[in-house]
Amino acid sequence: MREKMKPAVLALLIVRICLWIVALAATIYWMYYSIKLHREGIFVPEEYSPRLRPVLYTCLIISVAAVCISFVLRAISVRIKNQGVKE
């Protein structure tokens, strides 16, 4: 049973790593976009906020969703490991 369990757990781990990379990339992108706006000389909140908000919200949703999915996949991985130990 352990031989059947290993590829599934490994596949879940690889997917989880990819999801964490996606979350990190989305976070880095909105930080970069914020710095880009400052470099363009946009400091006034009335101008800065409307430009940053769509990027920030989109990236935040992507990051939170990726992390949540990663935790669900971890729970599935733990369940698979526990089933292998019981058998």
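The model is predicted, so local features need pLDDT of at least 70 and side-chain atom pairs count only at pLDDT 80 or more, while totals for chains, interfaces and linings use all residues. Residues are numbered from 1 along each chain as its sequence is written, and side-chain values use heavy atoms, with hydrogens and water left out. The protein has 2 helices and 0 strands; helices (H or I, at least four residues) and strands (E, at least two) are DSSP runs, numbered from the N terminus.

**Overall form**

- The radius of gyration of the protein is 19 Å, well over the 12 Å that the globule rule gives for 87 residues, so the protein is more spread out than a compact globule. This radius is taken over C-alpha atoms, and the globule rule is 2.2 Å times the number of residues to the power 0.38.
- The C-alpha trace spans about 65 × 15 × 10 Å along its principal axes.
- Of the contacts between residues at least 6 apart in sequence, 72% join residues at least 24 apart; contact means heavy atoms within 4.5 Å.

**Surface and charge**

- Of the 87 residues, 24% are buried. Buried means under 20% relative accessible area, exposed over 50%, and partly exposed in between (1.4 Å probe, protein chains only).
- The protein exposes about 6,500 Å², and carbon and sulfur atoms supply 71% of this area. Accessible areas come from the Shrake-Rupley method with a 1.4 Å probe; for residues, only the protein chains shown count as cover.
- The 12 positive and 5 negative charges have mean positions 12 Å apart. Lys and Arg count as positive and Asp and Glu as negative, with His and the chain ends not counted; a charge is placed at NZ of Lys, CZ of Arg, CG of Asp or CD of Glu.

**Nonpolar cores**

- The largest nonpolar core has 8 residues: A26, Y33, L37, I42, Y48, L52, V55 and C59. Helices α1 (2–39) and α2 each supply at least two residues of this core, and α2 gives the most, with 4 residues.
- Another core, of 5 residues, lies apart from the largest one and includes L12, L19, A23 and L73.
- A nonpolar core is a set of buried Ala, Val, Leu, Ile, Met, Phe, Trp, Tyr and Cys residues joined through side-chain atoms within 4.5 Å.

**L12 and S77**

- L12 is found in helix α1, and S77 lies in helix α2 (residues 45–86).
- Both are buried: L12 has 15% relative accessibility, and S77 has a relative accessible area of 5%.
- Although L12 and S77 are 65 residues apart along the chain, their C-alpha atoms are separated by 6.7 Å.
- Not counting residues up to four places away in sequence, L12 touches L73, I76, S77 and I80. With neighbours within four places left aside, S77 is in contact with V9 and L12.

- R51 lies in helix α2 and is partly exposed, with a relative accessible area of 39%.
- Not counting residues up to four places away in sequence, R51 touches Y33, L37, E40 and I42.
- R51 and V85 are 34 residues apart along the chain, and their C-alpha atoms are separated by 52 Å.
- V72, also in helix α2, is partly exposed, with a relative accessible area of 48%.
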